[in-house]
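Grab a pencil and have the viewer open.

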Amino acid sequence: MGRITLDKVRKAFGDVEVIPPLDLTIEEGEFVVFVGPSGCGKSTLLRLIAGLEDVSSGEIRIDGQNATDLPPAKRRLAMVFQSYALYPHMTVRKNIAFPLKMAGLDQAAQDKKVEGAASVLNLTDYLERRPGQLSGGQRQRVAIGRAIVREPAAFLFDEPLSNLDAALRVGMRMEISELHERLKTTMIYVTHDQVEAMTMADKIVVLRAGNIEQVGSPLELYRAPRNVFVAGFIGSPKMNLIDGEEAAKRNAHTIGIRPEHITPSPDAGTWEGTVGVAEHLGSDTFFHVHLPGREEPMTVRAGGEVSLHHGDKIFLTPDETQLHRFDAQGLRI
Amino acid sequence: MATQHSRAAARLMISPSVILLLGWMLIPLGLTLYFSFLRYNLLMPGANPFVGWENYSYFLSDPAFKAAIVNTLLLVVGVLVITVVGGTLLAILLDQAMWGQGIVRILVIAPFFVMPTVSALVWKNMFMNPVNGLFAHLAKFLGLPPFDFFAAAPLASIIGIVSWQWLPFATLILLTAMQSLDSERLEAAEMDGAGPLSRFWYMVLPHLSRAITVVILIQTIFLLSVFAEILVTTNGGPGNASTNLTYLVYAESLLRFDVGTGSAGGVVAIILANIVAIFLMRMIGKNLDA
């Protein structure tokens, strides 16, 4: 249940090719996150899998069965939309029961499943309310409830947390991960937020302009980005990328070094610079260090108790074993 | 506008328009009420004595009155059913992306800009005329006898003409409502296994309910007073077959020159319209504040 294979799937709107032919396999029970900047085609890819858009060519298989021309309802997939897409004229109970009603289940079976889903999602007290009377997080849960009652082969999430405030977002992230642990159902999750991708995914698919840049576990992507784009996209704060002389010294076109792999020191080191903005997070401090001849500041992680101030002179020493080297095409060496 | 002073100033400033509006409404209403209690016939000039409820009992016991009430209701309900159902279907059609959408939309809305008298005359002479009308030619082409619309089905013909005029209004309101329907909601319903008909029934129709309420309310107000279409086509006939309340009041005061009875009929019409309005507000008004 829930193995999805994309075979040379291509999508074009008119003359514009949004997704060039693309192969991808999503294993049963996996939590896969599609991540990429806005307009990279990740939502389109999800809609292709859902059947809300037709593929221009190629084949989508769900559990080995060709689903390319199946209507969305027949694919046994459930989707949670960015706007939640709740039905405002129905109570929460009716919202959750809607897919069951459409499937022709009798009233008793509907009630049982709705009660079950509501208790899993802490919605029991809100069943008779309308979506308009719920908070953002509760609406989100109703949307998830509507998805789980169908017992689908896979869940599709289209940026489900982007309408929530920061604190709720962290909470819902945990709840969705928790849900995945419990249901063991395949989940495909689209987001532009790499933190969500890193924290939730079993497998991350990084997309840029419809192309898959890299597929792998969060730590694989973090430790060994295949190219400059992935290196810059995954990780927060971003990896420092350096071109030119310093890179040439290390036989590369571009080198990358993560903020935590640079040792700052007040008196000696490889690079000399001045401290710019310092972000104190308590446990860590991130310094933005301006090096001569570089426009973008270098981001450096230090402990929480470092006393360096704006304008201070500082020396940086990269951990040479943790350097990422990329060639002129931006590929990893 | 919080202080006592500014509130008083505000009242002072809106008073001219309020007084004007009140006068506009109250003076004709008062005169109509006054006339309705007089024996006032233009064919018999002279004294206009006070006759109490005589005009009312005369108007209400007139067999034409009952026919007029039935016709008025048939006309209103008939046009409402046709325009709401037709308007919903047309709105769905026009909501689809298609080539030449802008022009098609303007064409659909065009009938609303044609004056009632003109459109009724066009229908009467160019379409429904049993000798020269397009429908007659069509019937002859098919080998059928031409149908004399205004003689055989006068009220239905008028319902047809009025519906044609009001269909664009309903379509326009429902189309704008349709466009505010979130497409993700329809997609969610599609993923939930709802076919096109279920989507229409469970998603589109509830979404349109408020707009449909508005259409029904506004149209009822105007449809209760349909007049021009009747005047230029059937003159309320044959017999009373297409006389509605408005036309009956006109006939009393300006064909029989009985101003007193006409005024009484006018007052009756006001009362009936208010009864209908109260019922409508009760029935569907609650749809509006949800």
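The exercises below are about a predicted model, and they go from a whole chain down to single residues.

**Exercise 1: Get to know chain A**

Describe the make-up of chain A: how many helices and strands, and what percentage of buried residues?

*Solution.* 
Step 1. Start with the secondary structure: chain A has nine helices and 18 strands.
Step 2. Now look at burial. Of the 333 residues in chain A, 50% are buried.
Step 3. Chain A exposes about 15,200 Å², and 49% of that comes from carbon and sulfur atoms.
Step 4. Check how the chain folds back on itself. Take the contacts in chain A with a separation of 6 or more: 63% of them are between residues 24 or more positions apart.
Step 5. Finish with charge. There are 38 positive and 44 negative side chains in chain A, and the centres of these two sets are 6 Å apart.

**Exercise 2: Follow a salt bridge along the chain**

Find the partner of Glu128(A) in a salt bridge, and work out where both residues sit.

*Solution.* 
Step 1. The side chain of Glu128(A) pairs with that of Arg93(A), at 2.9 Å from N to O. A salt bridge needs these atoms within 4 Å, so the pair passes.
Step 2. Glu128(A) is in the loop between α3 (107–120) and α4 (136–148) of chain A, while Arg93(A) is in helix α2 (residues 92–102). The pair links distant parts of the chain, 35 residues apart.
Step 3. Sort them by exposure. Glu128(A) has a relative accessible area of 52%, so it counts as exposed. Arg93(A) comes to 21% and is therefore partly exposed.
Step 4. Glu53(A) and Arg47(A) form a salt bridge with an N to O distance of 3.2 Å, and Arg47(A) is buried because its relative accessible area is 17%, where the cut-off is under 20%.
Step 5. Asp7(A), Lys8(A), Glu59(A) and Arg61(A) are linked in a salt-bridge network. Over all chains, the structure holds 23 salt bridges.

**Exercise 3: Cross from one chain to the other**

Which residue of chain A does Asp192(B) hold in a salt bridge, and are the two buried or exposed?

*Solution.* 
Step 1. The partner is Arg150(A), with the closest N and O atoms 4.0 Å apart.
Step 2. Asp192(B) lies in the loop between α9 (183–191) and α10 (196–223) of chain B, and Arg150(A) lies in the loop between α4 and β7 (154–158) of chain A, so this pair joins two chains.
Step 3. Both Asp192(B) and Arg150(A) are buried.
Step 4. Count the residues that touch: 15 from chain B are in contact with 23 from chain A.
Step 5. Interface size is often given as the accessible area lost when the parts come together. Between chain B and chain A, about 1,700 Å² is buried, with carbon and sulfur atoms giving 62%.

**Exercise 4: Look around one residue**

What does Arg141(A) touch, leaving out residues up to four places away in sequence?

*Solution.* 
Step 1. Find Arg141(A) in helix α4 of chain A.
Step 2. Its relative accessibility is 14%, so Arg141(A) counts as buried.
Step 3. List the contacts beyond those sequence neighbours: Leu121(A), Asn122(A), Leu123(A), Met172(A) and Glu175(A).

Key
Residues numbered from 1 in each chain as written. Chains lettered and ligands numbered in written order. Predicted model: local features only at pLDDT ≥ 70, side-chain atom pairs only at ≥ 80, totals over all residues. Heavy atoms only, no water. Buried < 20%, exposed > 50% of the residue type's maximum accessible area, 1.4 Å probe, protein only. Helix = DSSP H or I, 4+ residues; strand = E, 2+ residues; numbered from the N terminus. Contact = heavy atoms within 4.5 Å. Areas by Shrake-Rupley, 256 points an atom, 1.4 Å probe, with all protein chains shown as cover. Lys, Arg positive; Asp, Glu negative; His and termini not counted. Charge placed at Lys NZ, Arg CZ, Asp CG, Glu CD. Buried area = accessible area lost by both parts, 1.4 Å probe.
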